[in-house]
Amino acid sequence: MKISQFLPAAMVLVLCASHSALATTIGFSQVGSESGWRTSFSESVKAEAKKRGIELKFSDAQQKQENQIKAVRSFIAQGVDAIMIAPVVETGWKPVLREAKRARIPVVILDRNVDASGDGLFLTRIASDFVEEGRRAARWLMDETDGNCRILELQGTVGATAAIDRMKGFNEVIADFPDATIVRSQTGEFTRTKGKEVMEAMLKAENGGRDICALWSHNDEMAIGAIQAIKEAGLKPGTDMLVVSVDGVPDYFKAMADGDANATVELNPHLGAPAFDVIEAYLKGDRKVEKLITTTGDLFTQATAAEEYAKRAGK
Ligand code: GZL
């Protein structure tokens, strides 16, 4: 029995039109809010969704993969139109990605990678080239120290693409400098608190840091925590010990303007727009999409820190 037998044609047209005008619903599983950069990334995605009239179901996993997987399963059960995942670590994603594929729900990976690229389990990944970020940080430091530097390294989250690849890029460059050595390397889990705690321990183990030339931190958050530890050890960060990092968050520009840090490679947090572009095109039937869409960022130093901070503060 067709509804149109009961309703005037005009009302059936209105019903159809209103159905097709229903907002696209997208589930977004976010790592957490461990850093200023992550918060900017989340806020940027939410603002872009609002601008486009997309209904965004947002889940903060507090850096726990099991919470991310639960959220993705919930999105599948709710029958969302698409899913975006910013994975905390690379492994353990294939089962839930297969479930999304069986439910015919397209998935876009944002920022860090998943170990599932060969199986057609996601549409595309949108991310920065983390290896190049590590190379750029190392090139800056080698230029600054003529390749003669004993380095402490604060690693990001163990198993996260950003940590794996930044380390790879940095080590690739310093391999050409026999007098550049990473003397200690430990994870600070991308957080300010852990970065300070781990730096305190590394300084204690390294003669109070007196023979250390530089700190290489996989993100600004840990570097800001470490700067506090360097000061408490009686050293001047940015002078006695150079500080180089990645992300380009406002607080780090402030630290550079204050002379407490020296350089950072900016990481673009605006991943929502390219992700929504891909999803909206896919939902309209476009099946052509790059497997990787790369974002870029510049290296910033103290020379422009004050003006860059003024542009970013409070944003
Ligand atoms: C890298 C991203 C990292 C940031 C950190 O793209 O995954 O995670 O560099 C964040 O600030 O915690």
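The questions and answers below concern a predicted model.

User: Which residue ranges make up domain 1 and domain 2, and what distance separates their centres?

Analyst: The domain assignment gives domain 1 as 3–128 + 269–284 and domain 2 as 130–267 + 300–312. Their contact takes 14 residues from domain 1 and 17 residues from domain 2. Taken over C-alpha atoms, the centres of domain 1 and domain 2 are separated by 34 Å.

User: What is the volume of the largest cavity, and which helices each supply at least two residues of its lining?

Analyst: The count comes to 1 cavity of 30 Å³ or more. The largest cavity has a volume of about 80 Å³. Helices that each supply at least two residues of its lining are α2 (36–52) and α6 (161–174).

User: How many residues of the lining of the largest cavity are charged?

Analyst: Among the lining residues are Arg38, Arg112, Phe190 and Asn219. The lining of the largest cavity divides into 4 nonpolar residues, 2 polar residues and, as the charged part, 6.

User: How are helices α3 and α4 oriented to each other?

Analyst: The axes of α3 (residues 65–78) and α4 (residues 94–102) come within 10 Å and cross at roughly 10 degrees. Angles under 35 degrees count as roughly parallel. Therefore α3 and α4 are roughly parallel to each other.

User: Which residues make the contact of α3 with α4, and how many of them are nonpolar?

Analyst: From α3, the contact is made by Ile69, Val72, Arg73 and Ile76, and from α4 by Val96, Glu99 and Ala100. The residues of this contact divide into 2 charged, no polar and, as nonpolar, 5.

User: Which helix gives the most to the lining of the second largest pocket?

Analyst: The second largest pocket has a volume of about 260 Å³. Both α4 and α10 (272–283) supply at least two residues of its lining. With 3 residues, the helix that gives the most to this lining is α4.

User: Which residues lie nearest the centre of the second largest pocket?

Analyst: The lining of the second largest pocket divides into 10 nonpolar, 1 polar and 4 charged residues. Of the 15 residues that line this pocket, those nearest its centre are Lys101, Arg104, Ile105, Pro106 and Tyr282.

Methods:
Residues numbered from 1 in each chain as written. Predicted model: local features only at pLDDT ≥ 70, side-chain atom pairs only at ≥ 80, totals over all residues. Heavy atoms only, no water. Axes fitted to C-alpha atoms, helices over the stretch in contact; angles between N-to-C directions. Helix = DSSP H or I, 4+ residues; strand = E, 2+ residues; numbered from the N terminus. Parallel < 35°, antiparallel > 145°, perpendicular 65-115°, else oblique. Contact = heavy atoms within 4.5 Å. Nonpolar A, V, L, I, M, F, W, Y, C, P; charged D, E, K, R; others polar. 1 Å grid on protein atoms, 1.4 Å probe; cavity = no way out; pocket = protein on both sides within 12 Å on 5 of 7 lines; lining within 4 Å. Points joined across faces, edges and corners; volume = space filled by probe spheres on them. Domains from an automatic or database assignment.
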